[in-house]
Amino acid sequence: MDDVDRIVEQWGRERPDLQTEAMAVFGRIYRLARVVGDRQEKVYGELGINRGEFDVLATLRRAGEPFQLSPKQLSASLMLTTGGMTGRLDRLEKAGLAARSPDPEDRRGLVITLTARGREVVDEAVVAGLAAQREVLERLPEAGRRRLSALLRDLLAAAESG
């Protein structure tokens, strides 16, 4: 029995009329995401960045050469408000990991570019973050990992379809 089982059992005792299967599934998904997220946050912190800053750097890195996007493209990709993006960009620019410059195609706009140092940090961070994830995931047999991935893909598609 784990903590989620105990919670479900308590609800079953107090409210036997409730169907708690979803609570058991999503409670575990939430707890797993939190545990692994905390591990990733720790390794990112050792590199001088936090999860939000990693997300910006990783988005720029995945964009490919010249590792450049507009603030609007970054905000859309990260589902972040422009205010939230501005704070992250301020910190990344101050740390020398990203740079703002005028958009050569739109004189009113800006582009955000991953600096050489930013590329080093994000490349190291993605390796460290994946290692933290693998450390947990590899406790399942390979067939179980593939099955879990497929089930979660199906569940996510169902949730996103409305």
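This is a predicted model: local features need pLDDT of at least 70, side-chain atom pairs count only at pLDDT 80 or more; totals for chains, interfaces and linings use all residues.
Reader: What volume does the largest pocket have, and which residues lie nearest its centre?

Author: The volume of the largest pocket is about 820 Å³. There are 19 lining residues, and those nearest the centre are Leu-32, Ala-33, Leu-137, Leu-148 and Leu-152.

Reader: How does the lining of the largest pocket divide by class?

Author: The lining of the largest pocket consists of 13 nonpolar residues, four polar ones and two charged ones.

Reader: And the second largest pocket, what is its volume, and which residues lie nearest its centre?

Author: The second largest pocket has a volume of about 160 Å³, and of the 15 residues that line it, Tyr-44, Phe-54, Ala-58, Arg-62 and Val-126 lie nearest its centre. Two or more lining residues come from each of α2, α3 and α6, with α6 giving the most, namely seven.

Reader: Switching to aromatics, how many aromatic pairs does the structure hold?

Author: The structure holds one aromatic pair. The partners are Tyr-44 and Phe-54, whose rings are stacked, at 4.4 Å centre to centre and with 10° between the planes. Because Tyr-44 belongs to helix α2 and Phe-54 to helix α3, the pair ties together parts that are 10 residues apart in sequence.

Reader: Are Tyr-44 and Phe-54 buried or exposed?

Author: Both Tyr-44 and Phe-54 are buried.

Reader: OK, on to the core: how many residues are in the largest nonpolar core, and which have the most contacts inside it?

Author: The largest nonpolar core has 23 residues, and those with the most contacts inside it are Ile-49, Phe-54, Val-56, Leu-57, Leu-60, Leu-74 and Met-85. Two or more residues of this core come from each of α2 (21-46), α3 (51-62), α4 (71-78), α5 (82-94), β3 (106-114) and α6 (116-137), and α3 gives the most, with five residues. As a general point, nonpolar side chains tend to be buried together in soluble globular proteins.

Reader: What does Leu-57 touch, not counting residues up to four places away in sequence?

Author: With those residues left out, Leu-57 touches Ile-49, Leu-92, Leu-97, Leu-114, Val-121 and Val-122.

Reader: I also have an eye on Thr-59; where does it lie, and why does it count as buried?

Author: Thr-59 lies in helix α3, and it counts as buried because its relative accessibility is 5%, where the cut-off for buried is under 20%. Apart from neighbours within four places in sequence, Thr-59 is in contact with Leu-69, Leu-74, Ser-77 and Leu-78.

Reader: Last one, Ser-70: where does that residue lie, and is it buried or exposed?

Author: Ser-70 lies in the loop between β1 (68-69) and α4. With a relative accessibility of 16%, Ser-70 counts as buried. Beyond its neighbours within four places in sequence, Ser-70 is in contact with Leu-110 and Val-111.

Conventions:
Residues are numbered from 1 along each chain as its sequence is written. Side-chain values use heavy atoms; hydrogens and water are left out. A nonpolar core is a set of buried Ala, Val, Leu, Ile, Met, Phe, Trp, Tyr and Cys residues joined through side-chain atoms within 4.5 Å. Buried means under 20% relative accessible area, exposed over 50%, partly exposed in between (1.4 Å probe, protein chains only). Helices (H or I, at least four residues) and strands (E, at least two) are DSSP runs, numbered from the N terminus. Contact means heavy atoms within 4.5 Å. On a 1 Å grid over the protein atoms alone, a cavity is a set of points where a 1.4 Å probe fits but cannot get out, and a pocket is an open set with protein on both sides within 12 Å along at least five of seven lines; lining residues have an atom within 4 Å of a point. Grid points are joined across faces, edges and corners, and a volume is the space filled by probe spheres set on the points. Ala, Val, Leu, Ile, Met, Phe, Trp, Tyr, Cys and Pro count as nonpolar, Asp, Glu, Lys and Arg as charged, and the others, Gly among them, as polar. Rings of Phe, Tyr and Trp (its six-membered ring) pair if their centres lie within 6.5 Å; planes under 30 degrees apart count as stacked, over 60 as edge-to-face and the rest as tilted.
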